[in-house]
Amino acid sequence: QVQLVESGGGLVQAGGSLRLSCTTSGRTFSSYAMGWFRQAPGKERAFVAAISWGGSSTYYADSVKGRFTISRDNAKNTVYLQMNSLKPEDTAVYYCAAASTVVLLRTADYWGQGTQVTVSS
């Protein structure tokens, strides 16, 4: 089993920054690809960013490219999402996920409980 715990959400003004963290416990963190997804009220959960198990490959939704950065620290069993130039449309509950490959993240077996990010205009 893999347990994922997100933190770092909150309320920020448009143009501001937040850094989300997702710390894992259980099986070997470094063997998993990790991803961030978000779900806004009334909308389906959407892909935000992903990172390969070794950290050499990263992927982003078009809506966040150039503003968000995903990274990981395998020694700390933690994946991060640095969010800059935040917009009101970034408001959502953000979830991290773990899977054996990036391709499988959308249907990952392991999800965190989510952390709320609210961006005021």
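This is a predicted model: local features need pLDDT of at least 70, side-chain atom pairs count only at pLDDT 80 or more; totals for chains, interfaces and linings use all residues.

Numbering runs from 1 along each chain as its sequence is written, and side-chain values use heavy atoms, with hydrogens and water left out.

**Stop 1: the ring pairs**

Searching the whole structure gives 3 aromatic pairs. Rings of Phe, Tyr and Trp (its six-membered ring) pair if their centres lie within 6.5 Å; planes under 30 degrees apart are stacked, over 60 edge-to-face, and the rest tilted. Select Tyr-32 and Tyr-110. Their ring centres are 6.0 Å apart and their planes meet at 85°, so this pair is edge-to-face. The two residues are 78 apart in the chain: Tyr-32 sits in the loop between strand E3 (18–26) and strand E4 (33–39), Tyr-110 in strand E10 (residues 110–111). Strands are DSSP runs (E, at least two residues), numbered from the N terminus.

Tyr-32 is buried at 10% relative accessible area, and Tyr-110 is buried at 16%. Buried means under 20%, exposed over 50%, partly exposed in between (1.4 Å probe, protein chains only).

**Stop 2: a cluster and an arginine**

Now select Phe-37, Phe-47 and Trp-111. Ring pairs join them into a cluster. Which ring faces does Arg-45 lie over? One is Tyr-95, at 5.5 Å from the ring centre. Another is Trp-111, at 3.8 Å from the ring centre. The criterion: NZ of Lys or CZ of Arg within 6 Å of the ring centre and within 35 degrees of the ring normal.

**Stop 3: Thr-115**

Go to strand E11 (residues 115–120), where Thr-115 is found. Thr-115 is buried, with a relative accessible area of 12%. Its side chain reaches the backbone nitrogen of Gly-9 at 3.2 Å. Show the contacts of Thr-115 (heavy atoms within 4.5 Å). Beyond four places in sequence, Thr-115 touches residues including Glu-6, Leu-20, Ala-92 and Tyr-94.

**Stop 4: two positive phi angles**

Most residues other than glycine have a negative phi. Select Asn-77, in the loop between strand E7 (68–73) and strand E8 (78–83). Asn-77 has a positive phi of about 55° and is partly exposed at 28% relative accessibility.

Finish at Ser-85, in the loop between E8 and strand E9 (92–99). Its phi is positive too, about 50°. Ser-85 is partly exposed, with a relative accessible area of 41%.

Conventions: Helices (H or I, at least four residues) and strands (E, at least two) are DSSP runs, numbered from the N terminus. A polar contact is a pair of N or O atoms within 3.5 Å; within protein, one must be able to donate a hydrogen and the other to accept it, and residues adjacent in sequence count only if both atoms are side-chain atoms.
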